[in-house]
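Reader: I am new to this structure and would like to learn how to read its features step by step. Could you take me through a few of them slowly?

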Amino acid sequence: MTIATKLRDYIDGQGIAYDTVAHHRTATTSQSAQAAHVPGSRLAKSVVVHHEMGYVLAVVPSTHRIELSTLQDVVDRRLGLASEEEVSSLFADCDIGAVPPIGSAYDVPVILDESLGDASDVYFEGGDHKTLVHVSGPNFRSLMKDARVARFSHLS
């Protein structure tokens with residue numbers, strides 16, 4: 001029931017208030033939302049994609065699917081999903097599949113889907129498959145201040 005060290009240090013360093021929500025081990029963000037009894041539309045899902053110049057963290061609600069072709073148009077680059085090895089090297093203190101959306105903590109640029117832009121509060125993976133981090137909407141937007149915002153997902 002802990003969050004990844006880099007993530008915790010970054011959030012604390014930003015002076016952002018948060019709490020954690022423990023839940024039983026899950027394999028997907030949709031399962032995490034159900035297990036933690038939080039709305040899937042307020043659970044930010046992170047997907048690591050790569051391009052010829054590096055990596056980008058695409059962040060959408062857990063109820064949405066990324067439209068890769070739209071995302072490619074937004075970033076004007078050819079994209080592919082990062083491999084587990086690539087994700088492990090970028091997010092070394094996180095479990096595979098439990099990547100937090102706060103790319104600034106890991107020096108990874110973020111593209112945030114605009115559908116998360118006005119949520120009153122947001123939950124996200126804390127780096128393992130048993131803990132969600134909960135922040136207010138304004139605090140989430142503060143943590144995402146360097147993110148590029150665009151629409152590149154649709155409801156699953």
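Author: What follows takes up a strand and its partners, then a residue on another strand, and then the aromatic rings. This is a predicted model, in which local features need pLDDT of at least 70 and side-chain atom pairs count only at pLDDT 80 or more, while totals for chains, interfaces and linings use all residues. Residues are numbered from 1 along each chain as its sequence is written, and side-chain values use heavy atoms, with hydrogens and water left out.

Reader: Which strands pair with β7?

Author: Two strands pair if DSSP finds at least two bridges between them. Strand β2 (residues 43-51) runs parallel to β7 and is joined to it by 2 bridges, with A44 standing opposite F124. Strand β8 (residues 131-136) pairs with β7 in the antiparallel sense over 5 bridges, and there D121 has S136 as its bridge partner. β7 and β8 form a hairpin with 5 residues between them, and G127 in the turn has a positive phi of about 115°.

Reader: What is T20 in contact with, beyond its neighbours in sequence?

Author: Contact means heavy atoms within 4.5 Å. T20, which belongs to strand β1 (residues 19-22), is in contact with I3, T131 and L132 when its neighbours within four places in sequence are left aside. The C-alpha atoms of T20 and L132 are separated by 5.5 Å, although the two residues are 112 apart along the chain. T20 counts as partly exposed because its relative accessibility is 35%.

Reader: How is a pair of aromatic rings described, and how many are there here?

Author: A pair of aromatic rings is described by the distance of the centres and the angle of the planes. Rings of Phe, Tyr and Trp (its six-membered ring) pair if their centres lie within 6.5 Å, and planes under 30 degrees apart count as stacked, over 60 as edge-to-face and the rest as tilted. By this rule there are 2 aromatic pairs. The rings of F91 and Y106 have centres 4.7 Å apart and planes at 45°, so that pair is tilted. F124 and F140 form a tilted pair, with 6.3 Å from centre to centre and 40° between the planes. F124 lies in strand β7 and F140 in helix α5 (residues 137-143), so this pair ties together parts that are 16 residues apart in sequence.

Notes
Helices (H or I, at least four residues) and strands (E, at least two) are DSSP runs, numbered from the N terminus. Buried means under 20% relative accessible area, exposed over 50%, partly exposed in between (1.4 Å probe, protein chains only).
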